[in-house]
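Please read this briefing with the sequence and the model side by side. It goes topic by topic.

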Amino acid sequence: MSRTVVITGASDGIGAAAAKMLAYPGDTLVVVGRSPEKTKAIAQELESDYFVADFAELDQVRKLAAALAQKYPRIDVLANNAGGIMGSREVTVDGHEKTLQVNHLAPFLLTSLLIDQLVEARATVINTSSNAHRVMAKFNIDDLDAQQRYSPNAAYGNAKLANILFTKELNRRYGDHGVNAVTFHPGVVATHFAAESTWLMRLGYAGVMRRLLLSPEQGADTLLWLATTLPGEDWTPGEYYAKRKIAKTSSLANDAALARQLWERSAVMVGLSK
C-alpha cells in the first residue's frame, strides 16, 4: 500500500538525507523547507512534491497545513524535523521567542491542524529532539518565551525538552485513535542548523571540528528506522530514541502533568484555544 510521507526541514541536513532515503517508488514523498531554492532542488532530484514555509511565521504554518490537508486526505508519516539553535534573543512576528517557535510551537501547530489526516491514516508522527534537553534546558513553564532569562543554549535545550513533552502528550491524547508519536536524538551532526547561532557554536559545526561529527545520513538513520518499521512491534510509541534504542531522558521529560500543561499553553500561544 502506498504511503504519504511528509518531512519538514527537508531542504538540508538530516531532513534532506532522510528524504533521499525515504523516496520509495509508489509512495508520495512531500518535502517541506524554508529555502525556496534548496527545497525545489531536493524535490526535483527526488521527483517529490514540495512546499515552502518559514516556521518563524505561524501564518505560513497555517497555510502549509491547509495546503497539505487539501491535497492529501491521509498522511501516513509526519516527520517534524525543522529546527535550529539561534543567537541573541529574537521575537517573531507572532510575538514568541524564535527558538521556541521554530522548534516547538510551529510543529505543534502543524500537527494539530493535520490531526484528522493523521488519525485517518493511523499515522506515525516523528519529532526530532536532542540530548541537549538533558544538558542545556532550564525549563520554566511560566517563561516559555524566555522574557525573564535567555541564552541560546538554554532556549534550544528548552525547545528540545518541549519536543519530548509534546510527543508524550500527543501519544496520550491520540494514541487510542491510532496516532503513534515518537521522538529521537539524531546525534551531533554536521549540518547548518547552528547557522543563526553564536560564533562559537557555528565554529563547532565547521572546519576541523566538522570532521568529528556524524554525517547527515548517520543522523537520519533513527528517523528512517522509525518511519519504515511498525509502532508497537519494532518501537514503542511515546518514547525517546537514540541509535534505534530507547534512550535516557531528563526527569522533566517524564512529567505527565508538565506535558499536559505545556500542550494547553502551546494551544493558546498558537491561537488554537483561548
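The points below cover the sheet, its crossovers, a helix pair and some single residues.

This is a predicted model, in which local features need pLDDT of at least 70, side-chain atom pairs count only at pLDDT 80 or more, and totals for chains, interfaces and linings use all residues. Residues are numbered from 1 along each chain as its sequence is written, and side-chain values use heavy atoms, with hydrogens and water left out. Helices (H or I, at least four residues) and strands (E, at least two) are DSSP runs, numbered from the N terminus.

**The sheet**

- An open sheet is built from 8 strands, in the order β3-β2-β1-β4-β5-β6-β7-β8. Its pairing is mixed. Two strands pair if DSSP finds at least two bridges between them.
- The edge strands are β3 (49-52) and β8 (245-246). Each of these pairs on one side only.
- β1 (residues 4-8) runs parallel to β2 (residues 28-33), with 5 bridges in the pairing. Thr4 stands opposite Thr28 in β2.
- Helix α3 (residues 58-71) packs on the sheet and touches β1, β2 and β3. Contact here means heavy atoms within 4.5 Å. The direction of α3 makes about 160 degrees with that of β3.
- β2 also pairs with β3 in the parallel sense, over 4 bridges. In this pairing, Val31 stands opposite Tyr50 in β3.

- How much of β2 is buried? The count is 5 of its 6 residues, so β2 is largely enclosed by the rest of the structure. Buried means under 20% relative accessible area, exposed over 50%, and partly exposed in between (1.4 Å probe, protein chains only).
- Val5 stands opposite Leu29 in β2. The chain gets from β1 to β2 through helix α1 (residues 13-21), in a right-handed β-α-β crossover.
- From β2 the chain crosses through helix α2 (residues 36-46) to β3. This β-α-β crossover is right-handed. The term means that, with the strands pointing away from the viewer, the path from the first strand over the helix to the second runs clockwise.

**The α7 and α12 pair**

- Helix α7 (residues 152-174) packs against helix α12 (residues 256-269) at an angle of about 90 degrees. Their axes are 9 Å apart. Axes are lines fitted to C-alpha atoms, for helices over the stretch in contact, and angles run from 0 to 180 degrees between N-to-C directions.
- α7 and α12 are therefore roughly perpendicular to each other. Angles of 65 to 115 degrees count as roughly perpendicular, under 35 as roughly parallel, over 145 as roughly antiparallel, and the rest as oblique.
- The α7 side of the contact includes Phe166, Leu170 and Tyr174. The α12 side includes Leu258, Leu262 and Trp263.
- By class, this contact of α7 with α12 has 10 nonpolar, no polar and 5 charged residues. Ala, Val, Leu, Ile, Met, Phe, Trp, Tyr, Cys and Pro count as nonpolar, Asp, Glu, Lys and Arg as charged, and the others, Gly among them, as polar.

**Positive phi angles**

- Most residues other than glycine have a negative phi.
- Arg122 is not a glycine, yet has a positive phi of about 50 degrees. Arg122 sits in the loop between α5 (115-121) and β5 (124-128). Arg122 is exposed, at 57% relative accessible area.
- Ala146 has a positive phi of about 55 degrees and is not a glycine either. Ala146 lies in the loop between α6 (132-135) and α7. Is Ala146 buried or exposed? Ala146 is buried, at 9% relative accessible area.

**Residues in helices**

- Thr99 lies in helix α4 (residues 98-113). Thr99 is buried, with a relative accessible area of 0%. Not counting residues up to four places away in sequence, Thr99 touches Gly84, Met86, His104, Tyr150, Ala155, Tyr156 and Ala159.
- Ala69 belongs to helix α3. Ala69 is partly exposed, at 24% relative accessibility. Beyond residues up to four places away in sequence, Ala69 touches Leu114 and Gln117. Ala69 and Leu118 are 49 residues apart in sequence and 9.9 Å apart in space, C-alpha to C-alpha.
- Ala41 is part of helix α2. Ala41 is partly exposed, at 42% relative accessible area. Ala41 and Ser11 are 30 residues apart along the chain, and 8.1 Å separates their C-alpha atoms.
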